Amino acid sequence: MRNFELPSIVTHDQLSQLQVLCSLMNRCWSLTIDRRPTADDCVSEIKRMGRIIPASKHGEGNSNAGSVELLLALGHLDLKNGKLDEARKRFDGALEIARSNKNSLRDVRRLFAWGEIQLTKPDIAHTKGRLGTLQRLQSEYKRIESSYIKAKKAYDQMEDQVGSADIALRLGEVRLLRNNYVDAEESYREAREIYIRIDNDVGVASASANLGEIRLRWKDDVEAHGLYREAGTIYDRVGDRCGIANASVGMGQVLLLQRKYPEAEVLYTKARRIYEDVGDQLGVAHAIRGLGETRYLHTNYVGAMESFIEAQEIYNEMEDPLGIANVSLGIGDVLRLQRRYPEASASYNEARTIYAQIGHHLGTANATRRSGELQFLQRNYEKAMTLNAKAKKTFNRIGDQLGVAAASLGLGDAQRLLHRIYQAEVSYDAARMIYDQMGYQPGIAEATMRLGALQHCQRNYAGAMALCTEARDIYNRIGDQPGIANAAVELGGIQSSQRNYAEATALYTEARNICNRIGDQLGVAFVSLREGDVQSALHDYVKAEGSYTESLLIFREVGDNDGIAIAAQSLGYAQRERQYRARQSRISRRLAPGIERKISRATPQINELPRMNTKRNLFLVFLVVVFIGLAVLRVVDTSNPESRHAEYA
């Protein structure tokens, strides 16, 4: 029997064009029966595979084939398989043929082909970061956009609705690359409307998914949820498994925005399985990164780091700079919350460098703002102000008003701790105004609560209570449980500052119950710290020790070094105070009989005072009072627990 080796379905020149089909065949050969596709699965997979016009008998579809449509179809197939050089050759061939043909349809195809060629250039397509300067990239995107606009006008004149919709979709993608989110949204909406009008379900799904991404940028989880659900339903009906996975990832992002972390993890896991089945490695990386974001937001920092590192390895292997930058940003977030500041700074700087190289303004601004947060946590408030101001400027330039608002909040925080109260108030007000204009309720509540904290710093307790209560009402109205808990903690702090300890305790209990219900252990740790402070102020140091110990254990579990330090200091204070008071109590019991004897001996002298002259009376009264006072001071502890706490914490 002659031995032979089957060619690789990934690296073989011809078979790689049929990678999806080969992936399906590979699943059919699986030794695990449960992983083999059913007959219906096979039919659905084949239906969604890319189609091309058959080549002539004289050749394979090269520049001499005489068919622009054929070369464009082959080029798109190469693009789908990640073969950028081959795709560019196809488009170049189509362009040469179209240039010599005056037919209007061919002219449209020429314009379309030119845009595709530009998108597959080595300095624009996915590379390791060996990309051109920002100015050059933006110039290229502008030329591509111009080409698509001309092609769309030609399609509109010919009343070719399919062509108009396809071009509108691609126009949206290019505008997104140019950080022109408003026009990108307009293009996606136009494409979706045309697809709906011509009953092109697959086009509707594609436009809806892209539009959902834009709405997520504006934090519009309601419309984004509807768009992704629509896309997922269509993809499920037509059997497009990659489309189902893409819609699942988008829906996962919506659920993260809604803080529904378990449901988001289920969707990301589902998407990952599909991507693995169809052999889409970038899709796998995107799904794993989504899992990392979910675990990060759910305070599972160890799991988040594992997911981010796994995704990073795939992005590095696929040479996807945007993916690498996004994961570096996520890793920096985890390191920041673990108080590993030098490592977090390195991750943010890496992300910011890559974003700048590929001309991704939004990513650059986000990385800059995160660096500002990092400097704030390290008490470098001037640096924090500088970075947030720089990020705000970038957000303004690209028209991302939500980013402007977020940077304004960070700017206000730094100004508040630098005691620039008026400037901080202006920054918080600016953020609240933007959130109000966009109708973003969580942002309105957050900015309002920051303004309340500012009033608290100025001891304007009535104003602080009013603002924080307003913020809590908004959080209650939109069902934002973490927001309600944060507002309750802030209100508890205001009540505690006024020594209204019963009210403060009730608010902290409310916050603790919410944090326990939603699984926010870090929130429980912070609430325990506040509860311990109230118990210390009431001299109940046994309970305070219990609260601080609980807080310390949680901070250790999540790796929050700053939290560990604060909880340990507070616990040490409570223990010293308890021991000090126990010692003073023992001394008091031992000295009490002697004090009583001294007071009884002094009593006859006091009774004789009316018989003495006035000056001598006053002098003796003074001596007696001093004598008794000194005796009492040896027993009674007059120390201020709050000042002691401030000294230790």
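**Legends to close-up views of a helical chain**

**View 1. Neighbours within four places in sequence aside, glutamate 425 makes contact with Leu451, Leu454 and Gln455.** Contact denotes heavy atoms within 4.5 Å. The model is predicted: local features need pLDDT of at least 70, side-chain atom pairs count only at pLDDT 80 or more, and totals for chains, interfaces and linings use all residues. Residues are numbered from 1 along each chain as its sequence is written, and side-chain values use heavy atoms, with hydrogens and water left out. Glutamate 425 belongs to helix 20 (residues 421-438); helices (H or I, at least four residues) and strands (E, at least two) are DSSP runs numbered from the N terminus. With a relative accessible area of 30%, glutamate 425 is partly exposed. The classes are buried (under 20% relative accessible area), exposed (over 50%) and partly exposed (in between), for a 1.4 Å probe and protein chains only. Between glutamate 425 and glutamine 455 the C-alpha to C-alpha distance is 9.4 Å, at a sequence separation of 30 residues.

**View 2. Arginine 336 of helix 15 (residues 321-337) is buried, its relative accessible area being 9%.** Its side chain is joined to that of glutamate 373 by a polar contact of 3.4 Å. A polar contact is a pair of N or O atoms within 3.5 Å; within protein, one must be able to donate a hydrogen and the other to accept it, and residues adjacent in sequence count only if both atoms are side-chain atoms. Apart from neighbours within four places in sequence, arginine 336 is in contact with Tyr296, Tyr341, Ala344, Tyr348, Arg370, Glu373, Leu374 and Leu377.

**View 3. Leucine 297 is located in helix 13 (residues 281-297).** Leucine 297 is partly exposed, at 36% relative accessibility. Residues up to four places away in sequence not counted, leucine 297 touches Leu256 and Tyr261. Aspartate 333 is 36 residues from leucine 297 in sequence, and their C-alpha atoms are 10.0 Å apart in space.

View 4. Lysine 219, in the loop between helix 9 (201-217) and helix 10 (221-238), has phi near 60 degrees, a positive value in a residue other than glycine. Lysine 219 is partly exposed, with a relative accessible area of 32%. Phi of arginine 339 is likewise positive and near 60 degrees; arginine 339 is in the loop between helix 15 and helix 16 (341-357). At 16% relative accessibility, arginine 339 is buried.

**View 5. Helix 24 (residues 501-518) packs with helix 25 (residues 521-537) at an angle of about 165 degrees, the axes being 9 Å apart.** Axes are lines fitted to C-alpha atoms, for helices over the stretch in contact, and angles run from 0 to 180 degrees between N-to-C directions. Helix 24 and helix 25 are therefore roughly antiparallel; angles under 35 degrees count as roughly parallel, over 145 as roughly antiparallel, 65 to 115 as roughly perpendicular and the rest as oblique. The contact involves Tyr501, Ala504, Thr505, Tyr508, Thr509, Ala511, Arg512, Cys515 and Asn516 of helix 24, with Gln521, Gly523, Val524, Val527, Ser528, Arg530, Glu531, Val534 and Ala537 of helix 25. Nine of these residues are nonpolar, six polar and three charged. Ala, Val, Leu, Ile, Met, Phe, Trp, Tyr, Cys and Pro count as nonpolar, Asp, Glu, Lys and Arg as charged, and the others, Gly among them, as polar.
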